[in-house]
Amino acid sequence: MELEVSKIFMALLVLINPLSAVPIFIGLTPHSSQAERKKIAKLASITIAAVVCLFSLVGQGLLSFLGISIGSFQVAGGLLVLMIALAMMNAQPTPTKTTDEERSEAESKANIAVVPLAIPLMSGPGAISTVIIYATTAHTWLDVLKIIISGVMVAIVCYGALNMATPISRVLGKTGINIVNRVMGMLLAALSVEIMVDGLYRLFPHLGGH
């Protein structure tokens, strides 16, 4: 898998999907002032960037420590991403993100920026798995830097989306957000297939032969 900033950026943006977090962000901050919402959005975005940076740096070492092959992790990660994509295309809550119980508990927390907003709502298992997959295919420090830059760019987009949560929700509405999610789900499904195929080639090299 060739690492390009634009490709990594789009993959992470679709997975983290800040638009899907907009209604939940509004629901978790009904009594917060604009300044408080801005502070929550900033901390959540910093957390997302930190998660991407962390797993970009330790992803390959983590798999080696656990004795998991890159190919196996790519196939498993691809399946996880496909599950998320199918849920998005059906306008359903993704199975790897926050549950109703977690959201209910979050309403009583003083600060919801890190948990559950940043983790696992936005940078959940799917996003983390994808970062690790890209990290394991990085051949140089420049490749790792590309992943980190992409993560920071996505975090900036998330900050902007959360800051504009109310007008975005008003303009798009539930139907508009669902339409965008379906389109992003299709892109994500294509990405998941690419990840799984690359993993299968690593596990069974003869598949690429003639």
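This is a predicted model: local features need pLDDT of at least 70, side-chain atom pairs count only at pLDDT 80 or more; totals for chains, interfaces and linings use all residues.
**View 1. Packing of helix α2 against helix α9.** Helix α2 spans residues 18-28 and helix α9 spans residues 165-203; the two pack with their axes 9 Å apart, at an angle of about 130°. This angle makes α2 oblique to α9. The crossing of the pair is left-handed.

**View 2. Residues joining α2 and α9.** On the α2 side, the contact is formed by Leu19, Ser20, Val22, Pro23, Phe25 and Ile26. Helix α9 contributes Ala165, Thr166, Ile168, Ser169, Leu172, Ile177, Val180 and Asn181. Classified by residue type, this contact of α2 with α9 comprises 10 nonpolar and four polar residues, with no charged residues.

**View 3. Crossing of helix α1 and helix α8.** Helix α1 (residues 5-16) and helix α8 (residues 141-163) cross at roughly 45°, and their axes come within 9 Å. Helices α1 and α8 are therefore oblique to each other. Their crossing is right-handed.

**View 4. Residues joining α1 and α8.** From α1, the residues that meet α8 are Val5, Ile8, Phe9, Leu12, Leu13 and Ile16. Their partners in α8 are Lys146, Ile147, Ile149, Ser150, Gly151, Met153, Val154, Val157 and Cys158. The contact of α1 with α8 contains 12 nonpolar residues, two polar residues and one charged residue.

Terms used: Residues are numbered from 1 along each chain as its sequence is written. Side-chain values use heavy atoms; hydrogens and water are left out. Axes are lines fitted to C-alpha atoms, for helices over the stretch in contact, and angles run from 0 to 180 degrees between N-to-C directions. Helices (H or I, at least four residues) and strands (E, at least two) are DSSP runs, numbered from the N terminus. Angles under 35 degrees count as roughly parallel, over 145 as roughly antiparallel, 65 to 115 as roughly perpendicular and the rest as oblique. A crossing is left-handed if the near helix is turned anticlockwise from the far one by less than a right angle, and right-handed if clockwise. Contact means heavy atoms within 4.5 Å. Ala, Val, Leu, Ile, Met, Phe, Trp, Tyr, Cys and Pro count as nonpolar, Asp, Glu, Lys and Arg as charged, and the others, Gly among them, as polar.
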